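Please read the following points with the structure open beside them. They concern two residues and the confidence of the model.

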Amino acid sequence: MSIRSSGRRTAAGAAALAVGASVLLAPTAAGTPRAEPLPPRPASPVGASLLHGAGTHVRARQGAPALPDDVSALSWLVADVRTGEVLAAHDAHRRLPPASTLKTLFALTALPRLPGSDRHTVTDAELDDVPEGSSTVGLSADHTYRVADLWRGVFLSSGNDAVHVLAEMNGGWEVTAAQMQAKARSLGARDTTVVSPDGYDAEGQASSAYDLAVFGRTGLADPAFAEYAATADARFPGGTYSDGSPTWTYGIENTNRLVTGEDGVGRYPGIIGVKNGYTSRAGFTLIAAARRGGRTLIATVMNPQRGGANAVYEEAWSLLDWGFAAAGRVDPVGSLEPTASPGKPSAVAAVAPVTAGGVVPEGSPAGSPSAYGWSTAFLVTVALAGAAALRSRRRRSPGAPPDTRLP
């Protein structure tokens, strides 16, 4: 057995975490109930600190394949979807801009509240704040769309216009950002800060390869999410009747090249989604999942440092190939599952049950308060205040790099 690591968590880092927790838990006034204390990070069979250390981590047994040497991403991770075991990772908790891979968290948050069978008439106000030059599916004001079409616009075209409309249907931009923040915490995704629900570059917005893997894995447990994420192409309504049915349509195609096999990448064998992204600040980002021989793996890749637009797909391809070849030959270096609080189920373990229609109903375990013991209402309140402050600061500091279509 070998452990390869180019860094380890220091005592100073642990002390910093403790200081941060003490600041969060400071009482606001005498007699005012304090929020529940933030519990320690999840424990795993190999120690909770391993993935929080810098560098590459893998616990290879004799005969295990070597990790691919062509991966240049700033951060990456490979995990088993069924067990949540992390097979290997590099700087898994490094906080980086996520670009449109953050739309997976948006879908986890809003999809259960906005089922595809509903209809909605788009307004000018809902489209006013769509960033100029960002990726869109082509929504038009005063047209009525089926919500399923809007979700296809999110997953396939990475449409920021569709995200804006759905977020307004969900209660508004800041409310949705706050809900996303609370959802991330409930899943044990502590590296994510949500400012712009569409993933568009915004000051302070960040996620990590670890958190993105959590979002992708959780989404795949919902049949509706999984179906949207795996769809290669679809017809989208250009004009609509009042019932949302199209008067004419045009084709849209998934921007995830591992799903479509376009532009010289090839369709990855067994691919089942999930989501790609690109902004000038984030570079190329990707969550990719594939199923082979009864195993399902997920790989996340953030910002390759070599190659062009295809590098993120090529590196995910190499990591998935390695993961399938390494089955039974490596020991896990961590887990995507958070540790449950006493008397409460694991947040991710509770994700699997879904209704026959594939949508997790409100009040079900998957939509329940955090397994860490925080109440969702408290998390939403805190996140909403933070989102509003960051949005205000962003308005005072314009000039964020554009979120553009993939070349």
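1. His164 is buried, since its relative accessible area is 6% and buried means under 20%. The model in which this value was computed is a predicted one.

2. Where in the fold does His164 sit? His164 belongs to helix α5, which spans residues 160-169. Leaving aside residues up to four places away in sequence, His164 touches Glu126, Asp129, Val130, Pro131, Trp173 and Asp198. Ala125 is 39 residues from His164 along the chain, and the C-alpha atoms of these two residues are separated by 9.9 Å.

3. The second residue, Asn310, is located in a loop, between strand β11 (295-302) and helix α10 (311-325). Is Asn310 buried or exposed? Its relative accessibility is 18%, and therefore Asn310 counts as buried, the limit being under 20%.

4. The contacts of Asn310, again without residues up to four places away in sequence, are with Arg257, Asp263, Gly264 and Val265. For Asp263 a further detail can be given: its backbone oxygen lies 3.0 Å from a polar atom of the Asn310 side chain.

5. Finally, confidence should be considered. The protein chain has a mean pLDDT of 80, and 71% of its residues reach 70 or more. Across residues 341-383, however, the pLDDT is below 50, although this stretch has 82 contacts in the model beyond near neighbours in sequence. Residues 385-407 also have pLDDT below 50, with 51 contacts beyond near neighbours in sequence. Where pLDDT is low, predicted coordinates should not be read in detail.

How values were computed
Residues numbered from 1 in each chain as written. Heavy atoms only, no water. pLDDT = per-residue confidence, 0-100. Contact = heavy atoms within 4.5 Å. Helix = DSSP H or I, 4+ residues; strand = E, 2+ residues; numbered from the N terminus. Buried < 20%, exposed > 50% of the residue type's maximum accessible area, 1.4 Å probe, protein only. Polar contact = N/O pair within 3.5 Å; in protein donor to acceptor, adjacent residues only side chain to side chain.
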